[in-house]
Amino acid sequence: MVSTWVRYIGDPGDFDSSIKAQLYNRPPVTYQLPIESFGFQYRLTDGAVKSSLEQTDVDYIHDNNILIPKMKPFPWGHVIVYNIVDLNKPRNYNLALEESLQATKKVYHFNYIEQSEPIYGLIYLKANNGIDPSSNKPWQEDTSGPDIFISKNKNGEIKTYIKCDFIGKVQYCYHLFYIDNNMHVTIYISYNRVYLKLWQQTEKNITAILNSWIVRNDGKLIKKQAGKI
């Protein structure tokens, strides 16, 4: 069984302490109850999905206990799948990027510059956030100015939008992408920047995994589950 969590449409938030939330009574869970979001752990190195009482469960615990304390690259990414409730909303990140760049300029007073060379086939935008007077070198601060990587389709729509830390011993990427099929979802996954080079395979594998989880009304899978367990 895949280790996961699920939030259904109408569920109160985790930190909602209102009377309405306290009195909320979720309808019986069925395969027809609309999902707002759900999450799982995905291994970037081989496309495995963490599953309870399986080898991947053992692997995850081992990696968590051994690799993280030693600050070695953790091969697992946390995936969240969001249901697109508003089907009229554009299925791209063009506006999200524009608003982020405008906010950075307004609040922190610096721009992003598109670099001449792509990284792993991604358009690379780097923050031009000035010079640190104490070192006379560019500011090394990635909270307000993370590296940004995007990928566009032939129509100029941004379908992949990634922000990455660029300082510190452990650097993480926060990766958003759309699936171009009839599945109305957007995907978020966070992972060690070491695995940014696998972004295309990661998107391909997660898409295959989600497509393999489509079920009939009786709950039986239509296809064989993709991804190692």
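The dialogue below reads the helices of this predicted model and one aspartate in it.

Q: What does the secondary structure of the chain come to, and what share of its residues count as buried?

A: Helices (H or I, at least four residues) and strands (E, at least two) are DSSP runs, numbered from the N terminus, and here they come to four helices and 12 strands. Buried means under 20% relative accessible area, exposed over 50%, and partly exposed in between, with a 1.4 Å probe and protein chains only; of the 229 residues of the chain, 40% count as buried. Residues are numbered from 1 along each chain as its sequence is written, and side-chain values use heavy atoms, with hydrogens and water left out. In this predicted model local features need pLDDT of at least 70 and side-chain atom pairs count only at pLDDT 80 or more, while totals for chains, interfaces and linings use all residues.

Q: Which residues of helix α3 are buried, and where do they lie around the axis?

A: The arc to consider is that of the directions from the helix axis to the C-beta atoms. In α3, Leu97, Ser100 and Thr104 are buried; they cover an arc of only 60° around the axis, which puts them on the same side of α3. The face turned away from that buried side carries the exposed residues Leu95, Lys105 and Lys106.

Q: What do the buried residues of α3 pack against?

A: Contact means heavy atoms within 4.5 Å, and the buried residues of α3 pack against the strands β5 (111-114), β6 (123-128), β9 (147-152) and β10 (158-164). After α3 comes His109, whose phi is positive, near 65°.

Q: How many residues of helix α4 are buried?

A: In α4 (residues 199-212), 10 of the 14 residues are buried, so this helix is largely enclosed by the rest of the structure. Among the buried residues are Trp199, Glu203, Ile206 and Leu210.

Q: Which side chain of opposite charge is nearest to Asp63, and with which side chain does Asp63 make a polar contact?

A: Lys and Arg count as positive and Asp and Glu as negative, with His and the chain ends not counted, and a salt bridge is a side-chain nitrogen of Lys or Arg within 4 Å of a carboxyl oxygen of Asp or Glu. Asp63, in helix α2 (residues 55-66), is buried yet has no salt bridge, the nearest side chain of opposite charge being Arg43, 4.8 Å away. A polar contact is a pair of N or O atoms within 3.5 Å; within protein, one must be able to donate a hydrogen and the other to accept it, and residues adjacent in sequence count only if both atoms are side-chain atoms. The side chain of Asp63 makes such a contact with the side chain of Trp76 (3.0 Å).

Conventions:
Expected span 1.5 Å × (residues − 1).
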